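Let's take a walk through this structure together. Have the sequence and the 3D view open, and follow along as we go.

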Amino acid sequence: MIVVFNSFAANLEAEKGLSITPSLTGFATLDVEDQGGLFSKRLNPEILTIRNSTYEPALARLEKGLTNGFFVVPSDSVTLIQNNDSLATVLYLDYRDPKRSVIRQEVNNTNQALSSALTSSYLESIKSQNNTTNTGVNEKTSGESLPLQIVRKVMLAVLLFLPLFLFGNLVIDSIVGEKERKTGEILMAMPFTSADIILGKSVAVVLTMALQVAMWMIILLGAGFPLKNAGIVYLTVVLTALPIVGLTTIIAAYAKNYKEAGIGISFSYIFIVGILIVPLLGYLSRPSPAANISPMTLTMRLFSGETIAPGDILLSFAFILILSLISYGISIKLFSRDDVVFGPRPGIMRLTLELMGLKKRGALK
Amino acid sequence: MKLWALSKKEAQDILGNKIYLLVVLVQVFIILGAFGLAVASSVVSDPALLDQYGITSNIKVGMTQDLQGSQLAQDLEAQKLKLVYYNSTQQANQFLGGQLAAVVTISPPGEVQVQLDNANVFYQVASTKVRKAVNNFQTRRILHYSGLTSEKIKAIQEPVTLKEVPVAENEKVEIALESAYFVEIMYGFIMPFILLLPFFLASNIVTDSIVGERERKTFEILLMVPLSSTMVVLGKIIPILAFSLIQSVAWILLLDLLQVPIFNTLLMVAVLFSMGLGFIGVGILISILVDSTKEANSAITLVLVFATFILFVPLFIKSGMFQGVFNFIPTVLMVKIASTPVIGLEIMLYLLPTIVISILVFLVTVRSFKHERAIRL
Amino acid sequence: MSSRQVMINIEGLSKSFGKIQALDNLNLDIKKGELLGIIGPNGAGKTTAIRIACCILQPDQGDIRVDGYSIHHDPLKIKSIIGYLPEEPNLYERFKARDLLKYFAELYGVPTADINPRIDELLELVGMTHRAEDRINTFSKGLRQRMGIARALVHDPDVIIFDEPTMGLDPATSQKIRNFIHQLKGDKTMILCTHYMDEADQLCDRVALLDQGRIRDIGTPDYLKSKIHGDVILQIQVQDPQQSDQDAITALPSVEGLEVVGGKYHISLKSREEISPVIDVLGRRVISVNTKEPTLDDVFISTVED
C-alpha cells in the first residue's frame, strides 16, 4: 500500500498536471476528415475514439447516433499553413449526447496546441529576419501545487491518524459486548466505580493504538517518508487518541447492540475526521493560527519541519484536553446510570437535558 | 403465497429499521453534495466557466506601479484578471501565495517575468490566463516590427479557427454544466457511485438476515417451515433488492432533475438488478457462513472494499493492457450505457459476465444455505 | 396398541458432530396417536434426533419415515406434517400475537379462508384471546411459550414435537402447558422431550430413555419404574442401629434390598404387606417410618449411572 502510494505520488509529479478525471476511454467517438493528418494525429486517443471518415458517411453516422461528432479540416491544410493562411476547421457536434463537451474540449485543445505551435514558428521566422527585440519570458512558480500538497501531506497525516480509527471496534466490543453477552451485570456487581471500568477499558485501547501508531511510524520512516520531529508528532497522534476513544465510549455506553454501535461509530468517525481534516485543508490554502485547533494540522506542520509557535501547540493540546474531559465525563455518567446500561433506555434528547441538569431524572414529561 | 408471506415480513422488517431509513435519507445529501462538488470543481478548473460566473475577478495578479495602463496590463485585463499594483516587485512578491495568484513584471532588458503560486486554488486557470495574456503581448510586440498586413497578422495570431455546427440542436440534451470535466466526473464516477450506493447499503443490511435469526434463536422455526432453501433465500433477497432498485431508480430521476440525464434507463435498471442480485447474494452468503453479526459486519466491509476496488479503479485507469478486461466491468458498462443515447447491441455481450456472476452467486448462496454448516444452531 | 399404524419409524439413525457421536444407531417406532416421552441427560442426543426428524439436520446414516415419507426424499412434505416447538422458541419480537400466527399460517400454506378461524381456535386453546393484539415483546416467558405452542399447531399438524416445553416456567404455568398437551392427546402423534420425570410420567404413553445416542430402555412409565425396584421403599430411622438388624431384615423373604443412607435404612419391598414384619424386627427402637413409591427420577438416575 505504501509502495503504491509512493509511486503514485511520483507519477503525479512527473506528469505535471494532476488528472483526477475518470477516463471515459472509448465512450465518445469522433469521425475526422483530415487529409493532411495534422489534426487527427494530435487528438488524444485515450479520450476519443478517432475514426477517419468523409462528409457523407460521417453525417449519416452522426444522424444515427453512431458517432458523437464530425471534425472537418480543409483538405489543403498543409498548403494553407505553408502560405501562412488561416485554417478554418468545422466541428459537427451531436447535441443529443451529453459527451459533446468532452469532444468540444478535446478538439479545442488540439486546435489551440497547433495554433500556438504555428504562431510561435511564424514568430521564430520573423525574429530571425528582424533580430531586433528581446522577447524572453521568464516564468517561475513558487509553492508546491495544491493537489500535490493534498496528496503528499494530507495523505501522510491521514496515514498517521489511521490507527486511531481502526480500533473503535475494541472499545465497542469491550463495552457493548459485555452488554450483549450479559456479562456487564457481573462487572457492575464488582467493587469498581463506573469511572474505573470506562477508564480502565479506554487505557487499554489507547495503549494498543499507541503501539500501532509507533509501528506505523517506523514503517513510514523505513519506507522513506520525510517525517521530521518524530517524537512530538508521535505524542500528538497518541494524545488525539484520547478524545476519540472517549467519544467511542459514549457511543458504546449508550448503544444497545453491536449494530447500533457500529452505525453510531461510522457517523461519529466521519464527523471526527471532518474536524481533523477540514482545518488542515483550510491551513493549506490559507495558513491561519486557528487551524491549529485540529491536531492533524499541528502534526502536518510538525512533520513538514515548520517552526511552530508554542501558542499553536498549546491550542491543539488544550482542544484535545477539553474534548477528552467532556467525552469521558459524559460516558462515565452514562455508564453509571442503570437505565442506560440495562434499559429501558431513555431517549437521547431527554438524556442530554438530564445530563445538563435541565431536567431531573425520572421526572415526567 | 408462501414466498409472498416471507417477503412481506422481511420487507416490514427492513422498513421498521429506522437506521436503514435514516441512511436512505442520508444518500440524498450525499448525491446533492457530490453534485455540488462536481459543479464547484468543474467551474474552478474551467476558465470559460469562471468568466461566465464572474469568479475570474477574484484571481488577483500583482504588478508594479509603472506598468499601470501598459499594453501588458491591458492584455492581462482582457483575460478578466484583477490587477493590483505595488511599488516594487519585492513588495508584490510578499503577497504571492497569500492574496496574489501571480506576479507579472518586466525586467529592465524587456523580459516578461511571471511568478505563479502553485498552491493557489485557481492555479490552473491563473496560469492559463496569464500565459495567454503574455503570449498575446509578446506576439503583438514582435509583429509590430514585422510590417505584415493586418490580415496576415490575424492569421498568424490565430492560424486555426474552429466553427461548431450543432447537429440535432432541437433535440439538445440539457446538461447542468457545459463542461468536459463535469461530464467526465459526473458520468465517469459519481453516477455509478450514486446508483450503486443503495446496493452497498443493502448488502450491509442483509448480512444480518441469517446470522441475526440464528443469534435471536428464531432460525429454527424458520427452518421448520415447509419452504425450500431457494424459496427462503429468495424471500430474503426479493424485498431488499426491490427497495434498493427503487432507490436507484429514484436517484436516476433525481439525476435527471439535476440535468444529468441518464439514457437507456431500462437497460440501466437491468444492469443494476443483476449487480444488486450479486451484492445482496454475497451479503446473504456471508450471513450464512459466519458465526456472529459482528463477524458478518467485518466480512462484508472487506468484501465491499474489494468490490469498490474492482468496480471503481477501472474508471480512472487508462490501460491498454487491461482495457479488454475493463470492458466487462459493470461500472464501465454503466457509464457507457448511461451517457450514450444510442447504444449498440454488443453491450449485451459485455453484460454477460455480470449476469452470469450474479446468478452464480445466487446459486452458491442457495447451495450453502442447504449445507448443514449454515444450520449450526 | 401394536395393531395401530406406525407414524414415525426411525431406523439405524447415526449422527456425529466432529468427534462427538450424538446418535448411535438409533431405532424407534412411534405409533399413530401415541405420546412418546424421551428422557435423557443433557447431551444424550434428544434434540439432534428431533432436528433430524424435522429435516433440519441430515443424518450420517439411517432414515426416518414420517407417515411413510422419508426425510431424504420428501423433507417439505414432512415439514408440513410436523409441528415443532423448539427448546428456545424465540419468536419475532415485533409481531403482534395474531399477526405472528397469521404469518406462520401463510408460510405453512394454510388456505386463506381457514386462517382466521384457525387462529381464533388456537388463541382460545392456549388462553391468549385477550392478548391477541399485543406485541410479542411485551409477553412473559410463559405467554411466549403458549404462543410457541399455538405457532407449532397453526397448520394443524398430525405430528407434534415438544422440546422441553416447560423448562424454566413456574409450576402453575407448567401445569397449564401440560394441560394443553393432555388435551391434544389422542388424535395427534406426539413426542415430548423433557427433563421432568413427573411430566413424562403424567403425560406419556411410553417413555424412551436416551443416553449417549442410544435408547437404553423403552416402555410405559409403570414398566420402567417396576424394573428398578419393588413397589414400595420403606425408610426407617432407628435408635442405635446395629449390624444384626440389617442381617435380620435382609433375611426376610420379601425384602429385595437394603441400604443405609444417613443413619436411615432404605428397604425395598415387593408389597405393602411386608411392612409389619420389618417393623417387628426393630421393635421399639423405631423413631420414624416413611414409605415412598419409586419415580421415573429413580429410573433415570439408576439407568444413567449404570
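Helices here are DSSP runs of H or I with at least four residues, and they are numbered from the N terminus. One more thing before we start: what you're looking at is a predicted model.

## A helix to start with

B:Ile347 sits in helix α16 of chain B, which covers residues 346–370.

Who does B:Ile347 touch? Skipping residues up to four places away in sequence, its contacts are B:Leu333, B:Lys336 and B:Ile337. Take B:Ile337: it is 10 residues from B:Ile347 in sequence, and their C-alpha atoms are 8.3 Å apart in space.

## Chain B: domains and confidence

Now zoom out to the rest of chain B. Its domain assignment gives domain 1, made of 2–43 plus 179–375, and domain 2, which is 49–157. The C-alpha centres of these two domains of chain B are 51 Å apart.

How confident is the predictor here? Chain B has a mean pLDDT of 84, with 96% of its residues at 70 or more. Within chain B, helix α12 (residues 265–289) has the highest confidence, at 93, while helix α7 (residues 150–157) has the lowest, at a mean of 75.

Chain A has 14 helices and five strands. It is also divided into domains: domain 1 is 21–130 and domain 2 is 146–355. Their C-alpha centres lie 55 Å apart. Of the 365 residues in chain A, 35% are buried. If you take contacts in chain A between residues at least 6 apart in sequence, 64% of them join residues at least 24 apart.

Have a look at A:Asn229. It isn't a glycine, and yet it has a positive phi of about 50 degrees. You'll find A:Asn229 in the loop between α8 (194–222) and α9 (230–254) of chain A. With 17 C-beta neighbours inside 10 Å, A:Asn229 is partly exposed.

## Chain C: helices, strands and a length check

On to chain C, with its 11 helices and 14 strands. Its C-alpha atoms fill a box of roughly 75 × 45 × 40 Å along the principal axes. Chain C has 306 residues, and 40% of them are buried. Among its contacts between residues at least 6 apart in sequence, 69% join residues at least 24 apart.

Here's a check you can follow. Helix α6 of chain C (residues 171–184) has 14 residues, so at 1.5 Å a residue it should span 20 Å; its end C-alpha atoms are 20 Å apart, which agrees. Just after α6(C) comes C:Gly186, with a positive phi of about 115 degrees. C:Asn25 has a positive phi too, of about 50 degrees, although it is not a glycine. C:Asn25 belongs to strand β2 (residues 20–31) of chain C, and it counts as partly exposed, with 14 C-beta neighbours inside 10 Å.

## How the chains meet

Which pair of chains has the most contacts? Of the two pairs that touch, it is chains A and B. Chains A and C share no contact, and their closest C-alpha atoms are 13 Å apart.

Chains B and C do meet: 19 residues of chain B are in contact with 20 residues of chain C. On the chain B side, α1 (2–15) and α10 (219–224) each supply at least two residues. That side of chain B is made up of 10 nonpolar, three polar and six charged residues.

## The nonpolar cores

Finally, let's look at the cores. The largest nonpolar core has 174 residues, and C:Ala150, C:Ile161 and C:Leu192 touch the most other members. Helix α8 (residues 180–206) of chain B gives this core its largest share, 19 residues. Apart from it lies another core, of 48 residues, including A:Ile172, A:Met209, A:Ile250 and A:Ala255.

Leaving out neighbours within four places in sequence, C:Ile161 is in contact with C:Ile50, C:Ala53, C:Cys54, C:Ile82, C:Tyr84, C:Leu85 and C:Ile191.

Note on methods. Residues are numbered from 1 along each chain as its sequence is written. Chains are lettered from A and ligands numbered from 1 in the order in which they are written. This is a predicted model: local features need pLDDT of at least 70, side-chain atom pairs count only at pLDDT 80 or more; totals for chains, interfaces and linings use all residues. Domain bounds come from an automatic or database domain assignment. A residue is buried if 20 or more other C-beta atoms lie within 10 Å of its own, exposed if 12 or fewer, and partly exposed in between; C-beta atoms are placed from the backbone. Two residues are in contact if their C-beta atoms, placed from the backbone, lie within 7 Å. Ala, Val, Leu, Ile, Met, Phe, Trp, Tyr, Cys and Pro count as nonpolar, Asp, Glu, Lys and Arg as charged, and the others, Gly among them, as polar. pLDDT is the predictor's confidence in each residue, from 0 to 100. A nonpolar core is a set of buried Ala, Val, Leu, Ile, Met, Phe, Trp, Tyr and Cys residues joined through C-beta atoms within 7 Å. The expected span of a helix is 1.5 Å times one less than its number of residues.
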